[in-house]
Amino acid sequence: TGAIGLYNVGQSCCLNSLLQMFFMNIHFTRILRRITVPLHAVQKRRNVPYQMLLLLEEMQCGKRKAVSPVNLACCLSAYKVKLFVQYDAAQLFLTLWNLIKEQMAKPELVEELNGLYTICVQEHLACQKCSHETKRNSSMLTLPLPVLDSNSQALRTLEDCLQYFFHPEELNVHNMCFCVQCGRKTPFLQSMKLVHLPQTLTIHLKRFCFEQSAYIHKLSHYLPFPQDLDFNAILTENQCQADDNEKAAWQYELFAVVAHSGSTSCGHYCAYIRSLTEHKWYCFNDSEVCQVLWDDVKCTYGHSSLHWGETAYLLAYMKKHPQ
């Protein structure tokens, strides 16, 4: 099944949860197995994809319930990813992904990795006085969804968060932009349009926010997310910049949930992942792995009065019908 645990080697629960999310993704492991093996011992010790491959093989070849990621952790320490540090899962995911991409020698594998995870959007800025518009294409690895609206009211569902993220925003008063056509600062309308979604879509629920005192506060309110996600049923035509063939593949099924429990200063991560071969859900809690039900995964929806309970932080969805 590949459902093998990883020992905690120094507050490595965040790293362990993300590694399990990579390793249980058969589309990622197909890429990882085709990397170029470094020639020299020093290069092997410092190469993140190679150390991930060694760890994956150790997990799949042995019959132990868990293995130690200490060699990979030592490799990552050379790139300032230290042990005994409380990491943010969204930031560590970006760090890991960039290290993997930078250290893959084959351009075709880098292209496949980009295709597997990269989201493409088009940013629009339109002057409200003269209608002059600028467009810029950009890419991102996660959709960073706010869980509160502009009035600090809790958004009720994941679909609400997506609609809010792609909803146009008025920039006026203190946020006005300089219009080259008007020759002065004017009110603008800022919007984001979806261009392309990858095979594996990673969503970051922004549950950690700064208060006025610069204190980081965790938002634990109830926020349900579906097993099936269809972007065509969520976004309007004006929020998309894609052809019919692209949009036909925008149907997703939930693959993984990285959940956080505890406070911002003292927390713990675990991962709920659906096996793509068995279609069963597992909970990966460091060295402990057990099969769970969908009702167990739903316990990560959050609850405003349970700040120490498990709350979904990263969601990974997999395309149902890839092109």
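Biologist: What volume does the second largest cavity have?
Modeller: About 40 Å³. Keep in mind that this is a predicted model.

Biologist: Which residues line the second largest cavity?
Modeller: The lining is Met 21, Phe 22, Asn 25, Phe 93, Tyr 117, Thr 200, Thr 202, Phe 255 and Ala 316. Two elements, α1 and β10 (200-206), each give two or more residues to that lining.

Biologist: How many nonpolar, polar and charged residues are in the lining of the second largest cavity?
Modeller: There are 6 nonpolar and 3 polar residues, and no charged ones.

Biologist: Where does the second largest cavity lie relative to domain 1 and domain 2?
Modeller: Between them, because both domains give residues to the lining. Domain 1 spans 1-118, and domain 2 is 140-167 + 198-322.

Biologist: OK, back up. How many cavities of 30 Å³ or more are there?
Modeller: The count is 2. The largest cavity holds about 80 Å³ of space.

Biologist: Which residues lie nearest the centre of the largest cavity?
Modeller: Ser 12, Leu 15, Lys 82, Leu 83 and Tyr 87, out of 13 lining residues. The elements giving two or more residues to this lining are α1 (13-23) and α5 (70-77).

Biologist: And how do the residues of that lining divide by class?
Modeller: The largest cavity's lining has 9 nonpolar, 3 polar and 1 charged.

Biologist: New topic: helix α8. Which of its residues are buried?
Modeller: Helix α8 covers residues 158-165, and Leu 158, Cys 161, Leu 162 and Phe 165 are buried there. They sit on the same side of α8, because their arc around the axis is only 100°.

Biologist: What do the buried residues of α8 pack against?
Modeller: Strands β5 (143-146), β9 (188-196), β10, β13 (228-230) and β18 (311-319).

Biologist: Take Leu 158. Why does it count as buried?
Modeller: Its relative accessibility is 0%, and buried means under 20%, so Leu 158 qualifies.

Biologist: Which residues is Leu 158 in contact with, leaving aside neighbours within four places in sequence?
Modeller: Leu 158 is in contact with Leu 145, Ile 203, Leu 205, Leu 223, Pro 224, Phe 225, Pro 226, Leu 229, Leu 315 and Tyr 317.

Biologist: How many residues apart in sequence are Leu 158 and Leu 145, and what is the C-alpha to C-alpha distance?
Modeller: They are 13 residues apart in sequence. In space, C-alpha to C-alpha, Leu 158 and Leu 145 are 8.6 Å apart.

Notes
Residues numbered from 1 in each chain as written. Predicted model: local features only at pLDDT ≥ 70, side-chain atom pairs only at ≥ 80, totals over all residues. Heavy atoms only, no water. 1 Å grid on protein atoms, 1.4 Å probe; cavity = no way out; pocket = protein on both sides within 12 Å on 5 of 7 lines; lining within 4 Å. Points joined across faces, edges and corners; volume = space filled by probe spheres on them. Helix = DSSP H or I, 4+ residues; strand = E, 2+ residues; numbered from the N terminus. Nonpolar A, V, L, I, M, F, W, Y, C, P; charged D, E, K, R; others polar. Domains from an automatic or database assignment. Buried < 20%, exposed > 50% of the residue type's maximum accessible area, 1.4 Å probe, protein only. Arc of directions from axis to C-beta. Contact = heavy atoms within 4.5 Å.
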